[in-house]
Amino acid sequence: MDEFLQLMTIRQRYSQANALGKAIMRRDLQAEFDKFTSPSVRKAAMTFLDAEIEQARISAEESQKKYAAERTAHCNRARERLQAWRLRRIPLSVARAVVSESAWWLTHSSGSPVRAPRHATRIKKSGEAWAIQFGANSFEISTYVSAAASKLLEPLERIENGGILDRNSLLKLVRPVPSRCVANYKGDRYEYYAPEGEFLVFGAQALSLDDLARYIVGASGLSRYAW
């Protein structure tokens, strides 16, 4: 096979590989092209290689611009959401999810704690705030969501500036918040309601601090850029 036909065969193989998502490394192409002795074929090969490199650069730039635009749009939505939550503009769907995702029944007849998502149907609104009653105490859902949102706005700024966050650091940031969102029968909030292990315990019922953290970080939108 003459060198020109070899060049055409290599180009076809390269294009087919790319179409299948199995890109051939350019250094491998360079090694094959260096074998050509005909000046005209070598020139055609180098022109092809240079064009592929330029196309790759353009594609990479376009991909980066698209990623940056998507990131900006996502962060804008997350900021609007967190700012609304901080101001206690919290939809019923979020208030219910806070409870359904974290409530447990500790003294279930099975002998082991089980999830209790139906507690979410018991939440009530007092004034402009959501809360759920557990015996003499109540968990102030709106206070929790608002306080967690305030904490998550700072790492959001790092994401907006191109940073990638550690998801565990976000969870640790909001995990202590619920302990300051429990009120007694008079409506007076405890300075600190001590958890038992991972739970805020209210008799036979409990809320999981880990579940609360996972839900609020996920619902905020920040987990998309946290690893």
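Predicted model: local features only at pLDDT ≥ 70, side-chain atom pairs only at ≥ 80, totals over all residues.
Colleague: Which residues are buried in α6?

Modeller: "Buried" means under 20% relative accessible area, "exposed" means over 50%, and "partly exposed" is in between (1.4 Å probe, protein chains only). In α6, which spans residues 167–174, the buried ones include Leu170, Leu171 and Val174. These three sit on the same side of α6 because they cover an arc of only 100° around the axis. That arc is taken from the directions from the helix axis to the C-beta atoms.

Colleague: And how many helices and strands are there in the chain?

Modeller: Both are DSSP runs numbered from the N terminus: helices are H or I with at least four residues, strands are E with at least two. The chain here has seven helices and eight strands. Of its 227 residues, 37% are buried.

Colleague: What share of the contacts with a separation of 6 or more joins residues 24 or more positions apart?

Modeller: A contact means heavy atoms within 4.5 Å. In this chain, the share is 62%.

Colleague: Are the two faces of β8 covered or uncovered?

Modeller: The general idea first: in a regular strand the side chains alternate between the two faces of the sheet. In β8 (residues 205–208), both faces are covered, with Gln205 and Leu207 buried on one side and Ala206 and Ser208 buried on the other. Look at the turn too: the hairpin of β7 and β8 has two residues between the strands, and Gly203 there takes a positive phi near 65°.

Colleague: What is the order of strands in the sheet that holds β3?

Modeller: That open sheet has four strands in the order β3-β4-β5-β6, again with antiparallel pairing. Here the edges are β3 (124–126) and β6 (182–183). β3 is joined to β4 (residues 129–134) by three bridges, and Ser126 has Ala129 as its bridge partner in β4.

Colleague: Last one: which residues make the nonpolar surface patch?

Modeller: Patches are made of residues with over 30% relative accessible area and no salt bridge; like charges are joined within 9 Å, nonpolar side chains (Val, Leu, Ile, Met, Phe, Trp, Tyr) within 5 Å. A salt bridge is a side-chain nitrogen of Lys or Arg within 4 Å of a carboxyl oxygen of Asp or Glu. Areas come from the Shrake-Rupley method with a 1.4 Å probe, and for residues only the protein chains shown count as cover. Here Tyr67, Ile164 and Trp227 make a patch of about 380 Å². Tyr67 lies in helix α3 (residues 39–86) and counts as partly exposed, because its relative accessibility is 40%.

Key: Residues numbered from 1 in each chain as written. Heavy atoms only, no water. Pairing = 2+ DSSP bridges.
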